[in-house]
Amino acid sequence: MGLYSKLVLPYLTDFAMRDKAATARRSELVPGADGVVLEIGIGSGLNLPFYSSAVTHLYAVDPSPELLAMTRKKVERMTFPVELRCESAERLSLDGRSVDTIVMTWALCTIPNPARALREMRRVLIWNRVTGGCNLNRKIDDLLTSSGFNIVDLRTNYLPGPRPLTYTYEGCAVH
Ligand SMILES: C[S@@+](CC[C@H](N)C(=O)[O-])C[C@H]1O[C@@H](n2cnc3c(N)ncnc32)[C@H](O)[C@@H]1O
């Protein structure tokens, strides 16, 4: 890991992801999660304030120790147990069929091997749903369907900001 990844990128990510329009989308999507939840690529924990009391346990993974440290500071305010795991979505340590809901916002665009990560998500999911994030050049809907998910709700739109950066997929896919 270079100095940029350790000292600059985490703060840049946290700053960029605090965007007002993104926060509005978080407030619409994240309250839909229930039961045992897995958040993929939690970053600096910006979804945490939007989880409802329907969540019984949250597992959150991210390969960046620096971003997880930012999330850790927010965890003590949560009313349900939160377990942070420093790992990649392509290789989850969770047992098969152990989570009800997967939340993923603006992470599938970053994960190096999205197909492998989606296979892992299918493995650990009981039956519930995945909420999707944005991507710059990947067809998120195609990735989901070719990995065996069935998309039941999909909305695509541009968030405010430069067009090449703001095309967003939102929705639900079931196992
Ligand atoms: C653009 S940030 C989004 C962060 C957060 N989901 C949010 O909505 O604010 C992308 C995140 O994906 C994480 N990430 C990168 N590679 C990953 C992987 N292989 N598995 C899981 N997360 C990964 C990054 O560390 C970063 O936290």
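These are questions and answers on how some terms apply to this predicted model.

Colleague: Which residues of α1 and α3 meet?

Modeller: From α1 come S5, K6, P10, Y11, T13 and D14, and from α3 come E66, L67, M70 and K74. By class, that contact has four nonpolar, two polar and four charged residues.

Colleague: What puts the buried residues of α4 on the same side of the helix?

Modeller: The buried residues in helix α4 (residues 114–124) are P114, A117, L118, E120, M121 and V124. Around the axis they cover an arc of only 155 degrees, and therefore they lie on the same side of α4.

Colleague: Why is strand β1 described as largely enclosed by the rest of the structure?

Modeller: Strand β1 covers residues 35–40, and five of its six residues are buried, so the description holds.

Colleague: Which strands are joined to β1 by bridges, and how do they run?

Modeller: Six bridges join β1 to β2 (residues 55–61), and these two strands run parallel. Across that pairing, E39 has A60 in β2 as its bridge partner. Strand β4 (residues 99–103) is also parallel to β1, with three bridges between them. Here L38 stands opposite I102 in β4.

Colleague: What makes E76 exposed?

Modeller: Its relative accessible area is 71%, and the cut-off for exposed is over 50%. E76 is therefore exposed. E76 is in the loop between α3 and β3. From V99, E76 is 23 residues away in sequence and 22 Å away in space, C-alpha to C-alpha.

Colleague: What is there to say about phi of R97?

Modeller: Phi of R97 is near 50 degrees, which is a positive value in a residue other than glycine. Most residues other than glycine have a negative phi. R97 lies in the loop between β3 and β4. At a relative accessible area of 62%, against a cut-off of over 50%, R97 is exposed.

Colleague: How do you know whether W106 is buried or exposed?

Modeller: W106 has 12% relative accessibility, and buried means under 20%. W106 therefore counts as buried. W106 is in the loop between β4 and α4, and W106 has a positive phi of about 50 degrees although it is not a glycine.

Notes:
Residues numbered from 1 in each chain as written. Predicted model: local features only at pLDDT ≥ 70, side-chain atom pairs only at ≥ 80, totals over all residues. Heavy atoms only, no water. Contact = heavy atoms within 4.5 Å. Helix = DSSP H or I, 4+ residues; strand = E, 2+ residues; numbered from the N terminus. Nonpolar A, V, L, I, M, F, W, Y, C, P; charged D, E, K, R; others polar. Buried < 20%, exposed > 50% of the residue type's maximum accessible area, 1.4 Å probe, protein only. Arc of directions from axis to C-beta. Pairing = 2+ DSSP bridges.
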